[in-house]
Amino acid sequence: MQRINYAQQSPELLKKFAAFNLALKESTIEESILDLVTLRASQLNGCGFCVDMHVKEAKIHGERELRLHHVAVWRESTLFAPRERAALAWTEIVTKLPEQGVPDDIYERVRGQLSEKEISDLTFAIVAINGWNRLSVAFKTVPGSADALYGLDKAGLK
């Protein structure tokens with residue numbers, strides 16, 4: 001059961017955060033990578049609501065089901081291109097943030113696949129999904145509870 005409805009309790013903050021999130025649609029990072037990134041961060045953060053949502057969004061956007069299953073094991077999977085691997089690696093390190101910070105070798109590997117602008121845009125996308133994850137985990141947002149609102153019922157997943 002959801003603890004509180006943060007949309008009702010903090011509507012102005014939600015509106016501004018949603019606008020920030022909407023601005024990410026204009027970023028240099030393609031939708032297919034954003035789908036992978038939001039799913040992976042949500043998996044790492046244990047956010048059931050967001051995992052559910054981003055699987056459905058990716059499916060609606062045309063992502064293959066097997067790739068969605070492989071996001072959790074992307075290092076071992078052969079289904080991801082180098083650019084996608086770079087985005088997933090950056091997502092993990094920025095989401096987990098080790099005590100010593102982001103290691104130079106990981107940055108350099110990512111920099112080999114993404115421009116500085118793309119890394120910057122991707123990092124903002126990671127910041128956004130981590131924020132949504134924290135809201136949903138803290139307030140126990142129920143997976144699937146917003147499907148009709150967001151049109152996620154079109155994914156054909158139950």
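The model is predicted. Two packed helices are described by the angle between their axes and the distance between the axes.

**Helix α6**

- Helix α6 covers residues 82-96. At 1.5 Å a residue, the 15 residues of α6 should span 21 Å, and the end C-alpha atoms are 21 Å apart, so the two values agree.
- Of the 15 residues of α6, 12 are buried, so this helix is largely enclosed by the rest of the structure.
- The buried residues of α6 are R83, E84, A86, A87, L88, A89, W90, T91, E92, I93, V94 and T95.
- These buried residues pack against α3 (31-44), α5 (65-70), α7 and α8 (116-138).

**α6 with α7**

- Helix α7 covers residues 104-111, and its axis comes within 9 Å of the axis of α6, with a crossing angle of roughly 150°. An angle over 145 degrees counts as roughly antiparallel, which means that α6 is roughly antiparallel to α7.
- The crossing of these two helices, α6 and α7, is left-handed.
- On the α6 side the contact has A86, W90 and I93, and on the α7 side it has I106, Y107 and V110.
- Which kinds of residue make up the contact of α6 with α7: nonpolar, polar or charged? Six are nonpolar, none is polar and none is charged.

**α6 with α8**

- The axes of α6 and α8 are 10 Å apart, and the helices pack at an angle of about 50°. This makes α6 oblique to α8.
- The crossing of α6 with α8 is right-handed.
- From α6, the residues in this contact are R83, A87, W90, T91, V94 and T95; from α8, they are E118, I119, L122, T123, I126, N130 and R134.
- The contact of α6 with α8 divides into six nonpolar, four polar and three charged residues.
- W90 of α6 takes part in the contact with α7 and also in the contact with α8.

**α2 with α8**

- Helix α2 (residues 11-23) packs with α8 at an angle of about 145°, and their axes are 10 Å apart.
- The crossing of α2 and α8 is left-handed.
- The α2 residues in the contact are L14, F17, A18, F20 and N21, and they meet F124, A128, G131, W132 and L135 of α8.
- Eight residues of the contact of α2 with α8 are nonpolar, two are polar and none is charged.

- Most residues other than glycine have a negative phi.
- L97 is a residue other than glycine, yet its phi is positive, near 40°. L97 follows α6 and lies in the loop between α6 and α7.
- Is L97 buried or exposed? L97 has a relative accessible area of 53%. A value over 50% counts as exposed, so L97 is exposed.
- K140, too, is a residue other than glycine with a positive phi, here near 55°. K140 is found in the loop between α8 and α9 (147-150).
- The relative accessible area of K140 is 45%, so K140 is partly exposed.

Definitions and conventions
Residues are numbered from 1 along each chain as its sequence is written. This is a predicted model: local features need pLDDT of at least 70, side-chain atom pairs count only at pLDDT 80 or more; totals for chains, interfaces and linings use all residues. Side-chain values use heavy atoms; hydrogens and water are left out. Axes are lines fitted to C-alpha atoms, for helices over the stretch in contact, and angles run from 0 to 180 degrees between N-to-C directions. Helices (H or I, at least four residues) and strands (E, at least two) are DSSP runs, numbered from the N terminus. Angles under 35 degrees count as roughly parallel, over 145 as roughly antiparallel, 65 to 115 as roughly perpendicular and the rest as oblique. A crossing is left-handed if the near helix is turned anticlockwise from the far one by less than a right angle, and right-handed if clockwise. Contact means heavy atoms within 4.5 Å. Ala, Val, Leu, Ile, Met, Phe, Trp, Tyr, Cys and Pro count as nonpolar, Asp, Glu, Lys and Arg as charged, and the others, Gly among them, as polar. The expected span of a helix is 1.5 Å times one less than its number of residues. Buried means under 20% relative accessible area, exposed over 50%, partly exposed in between (1.4 Å probe, protein chains only).
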